[in-house]
Amino acid sequence: MPKVLDNVQIGPQNWKMLVRVPKLVEKARPGQFVIIRVNEAGERVPMSIGGLDRENGVLTVIYQVVGKTSALMTTIPAGGEILDCVGPLGLPTHVKKWGTAIVVGGGIGIAPIYPIAQAWKAAGNKLYTIIGARSQNILFYENEHKAIADKFYACTDDGSYGHHGFVSDILKQILDSGEKVGMIMAIGPVIMMKVVANLTKPYGVPTWVSLNPLMVDGTGMCGGCRVAVGDTTKFACVDGPDFDGHLVDFDLLTKRLNAYKEQEKNSFHRFLESPGCKLADSVKTLVK
Amino acid sequence: MADQKLDKKDRMKIPRTSMPEQDPKERIHNFSEVPRGLEIEMAVTEASRCLSCAKAPCVSGCPVEVDIPGFISLVVERDFAGAARKIKETNSLPAICGRVCPQEEQCEVVCILAKKFKPVAIGYLERFVADFERENKLTQIPEMAPASGFRVAVVGSGPAGLTVAGDLIKLGHKVTIFEALHKTGGVLVYGIPEFRLPKKIVQAECDYMARLGVEFQPSTVIGKSDTIDELFEMGYDAVFIGTGAGLPNFMGIPGENLIGIYSSNEYLTRSNLMRAFDFPNYDTPIIVGKNVAVLGGGNTAMDSVRTSLRLGAENAYIVYRRSEAEMPARAEEIHHAQQEGVQFHMLTTPIRFIGDAEGKVIAMECVKMQLGEPDDSGRRRPVVIEGSNFTMEVDLVVVAIGNSSNPLIPQTTPGLDINRWGNIIVNAETMQTSREGVYAGGDIVTGGATVILAAGAGKKAAKAIHQYLLTKKDSLVKG
Ligand SMILES: Cc1cc2nc3c(=O)[nH]c(=O)nc-3n(C[C@H](O)[C@H](O)[C@H](O)COP(=O)(O)OP(=O)(O)OC[C@H]3O[C@@H](n4cnc5c(N)ncnc54)[C@H](O)[C@@H]3O)c2cc1C
Ligand SMILES: Cc1cc2nc3c(=O)[nH]c(=O)nc-3n(C[C@H](O)[C@H](O)[C@H](O)COP(=O)(O)OP(=O)(O)OC[C@H]3O[C@@H](n4cnc5c(N)ncnc54)[C@H](O)[C@@H]3O)c2cc1C
Ligand code: SF4
Ligand code: SF4
Ligand code: FES
């Protein structure tokens, strides 16, 4: 079973887990994801690759507590184990020299965009990085991003840090400046990816997004992860998770993500009230 | 009761034993197995119906030619474990095949008795002896050949892969099974429901393989973790691909991505593999429909519709575009579904799904069909009756219209030939693919077929792989 080397809180709702999975790390490429199981009765939860330490075979996963499984993950101590971690799954993000390339990370998406930024930078691109979150205390990876970006911007919705407003504001400024941008990649909440894709479309700049529909197997077997892209239905776990943002039906994705909202809420509350619940009080309050 | 000295006429007079089953009214509220299995005396009586025909036609009806009169006569002699071993000479999964083989169109349909009476219940007996052997812990570790020094990688742990592994380990080769999911057994664990094939039986088969020394590597997706070529680089001398037909087909009609429309693979995987039927004790949720429509007429459709009843559906429909006679599902499954109150809408097909503001399916527009001229499959082609449109209220739809083959391995294996449906092309005798040392069998070669055909393909492949390794050894020695 994969060993958890570290598992620390990095924001009000976000944790960083380091898992030793040498084989997986050796094969993994930026943009791919893994599926984790933490206990026998648990779900299979997909998590993006938030960092790859190839020397030590360590995978970084940045996760947000939103429900039972992610809450349970917080209880695994450094030195503990998870049941399994399968991957790398999905197709890697395209890496090429486009000239100027922009990565946009929102919320938890700040993590998976980082290995992509590294790869794009290494491929010789002029790298602009825009990250954003609701508030300063939710931002993370700022130094990491800063260290490799040719231009770096941080935004907060509440203005507590950096630009007061959305990542799309900054992106618009760059596009309006007339600078030729070869490629944009945006990862974050569905609404953010939608706004970014809508913004860039009239400028004709290729814009890719990484989709996170509900998944079960992650191997193309169930079709639960289907997303509409242009006129076709794609399975995000094998055809993606990256897709052309100008073609994605984001509204459908949003709806499908809510398919089990009620059940998940009930399951979580039942878990909170169960005698064996080892969640810290601070974690219990995270999921409304 | 059963007397070995019965003459032929007496034997023929014994009525076919019927299988004790859970009452339909009760069983639609649980996931326990429906047929309970024969009692010892029932089995012996049933076995005594067999005429031990010299040219046993039943044997040629079985895709792997189980020595049917041979094992049945052992049942008459009450050597049940011996009977199980007899079957295992050609079929390593009798507890499973006894339950899920379409006997009515394979071994039993050609039984001599079927002409005038009912055929010998070969499947019931096969199940009985296999269960007897397992439950009484009489499973023997077979004689193992000395270690050959060769290593074989098996990709996929369905019936094909398990059979290859079981046969090759006995021949002295080291075998590793790589499985994408976290549990081994393929469709036997993620597809076929508990009420038809208890998971502990599949687990027992996998445990048995492990006792023989087969190494399992679950949660490993070949083509992603390692490619077939990398398996060779890692020191495997041969590879068997038994990855099944795991790519669900959809109808391709408007509204198909609404919430509440599942592929049968997703629906059954949530319920079986992830045990969503036991939500919230298990964390994976599943939509419990009130009015459930399952599209299709195969085993997968029957499994889905019967699952929906057990999860609490008030109305469970099978919607099939041909008529009952063309339904590919096993007769027994159709019968079970009928008993449980499934409503059959034959000669009907949906043309569009209708959703609400939240994107949930609420209805389905259908048309009626009539049967026209025979098509490629020899079955009469269903043709739409113009103007027959009507709407069905549904809140859950399961699309069970078959699977295509998963492209992951062909995409990552240069030189591996596939046909236009994406199935791997093999030599029918040896199951060898276009790549040296790479063999394939089961649904990935045939498209969705049966457990016993997959297991049979595994047997053939194991034989050929063994031969291949021997030749390799010779050339190494001479080399
Ligand atoms: C390819 C991919 C990569 C992902 N990468 C990350 C990652 O790096 N970090 C991270 O924290 N999460 C990531 N997710 C989302 C993560 O898988 C879900 O948040 C997790 O499964 C929730 O499990 P839970 O039991 O805690 O919550 P649940 O009880 O299952 O869900 C609670 C609520 O969270 C929301 N939710 C559930 N699943 C998803 C999802 N797939 N995407 C968005 N919202 C969801 C739903 O609104 C749901 O009602 C990724 C998902 C995919 C498909
Ligand atoms: C719901 C349902 C009901 C059925 N009912 C019956 C029945 O009653 N009687 C009958 O005879 N047949 C039935 N069948 C058909 C039968 O189950 C299949 O024909 C049989 O299981 C095929 O066996 P297989 O070994 O080829 O593949 P599978 O059983 O499909 O197993 C393939 C395995 O390979 C794994 N895999 C795939 N890709 C990879 C990869 N890249 N790396 C690692 N692992 C991988 C999969 O996860 C899977 O576990 C049914 C099928 C279904 C879906
Ligand atoms: S394996 Fe299947 S077809 Fe063959 S004898 Fe057994 S039940 Fe009949
Ligand atoms: S054909 Fe029927 S009666 Fe004859 S050996 Fe086979 S099972 Fe027995
Ligand atoms: S998660 Fe099942 S097909 Fe993508």
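1. In this note, Ala, Val, Leu, Ile, Met, Phe, Trp, Tyr, Cys and Pro count as nonpolar, Asp, Glu, Lys and Arg as charged, and the others, Gly among them, as polar. On that division, the shell around ligand 2 in this predicted model holds 16 nonpolar, 13 polar and 4 charged residues.

2. The model is predicted, with local features needing pLDDT of at least 70 and side-chain atom pairs counting only at pLDDT 80 or more, while totals for chains, interfaces and linings use all residues. Residues are numbered from 1 along each chain as its sequence is written, chains are lettered from A and ligands numbered from 1 in the order in which they are written, and side-chain values use heavy atoms, with hydrogens and water left out.

3. Ligand 2 is surrounded by 33 residues (a heavy atom within 4 Å), of which B:V100, B:E179, B:R196, B:I222 and B:D443 are the closest. Among the helices (DSSP runs of H or I, at least four residues, numbered from the N terminus), α9 (159–170), α14 (299–311) and α18 (451–478) of chain B each supply at least two shell residues, and α14(B) gives the most, with 3 residues.

4. Polar contacts (pairs of N or O atoms within 3.5 Å) include one between an oxygen atom of ligand 2 and a polar side-chain atom of B:R196, at 2.8 Å. Nitrogen atoms of ligand 2 also lie 2.9 Å from a polar backbone atom of B:I222 and 3.1 Å from one of B:A180. The protein covers 94% of the 1,000 Å² of accessible area (Shrake-Rupley method, 1.4 Å probe) that ligand 2 has on its own.

5. Around ligand 3, the residues include B:C62, B:C97, B:C101 and B:C107, together with B:E126 and B:I452; that shell divides into 8 nonpolar, 3 polar and 1 charged.

Methods. A polar contact is a pair of N or O atoms within 3.5 Å; within protein, one must be able to donate a hydrogen and the other to accept it, and residues adjacent in sequence count only if both atoms are side-chain atoms.
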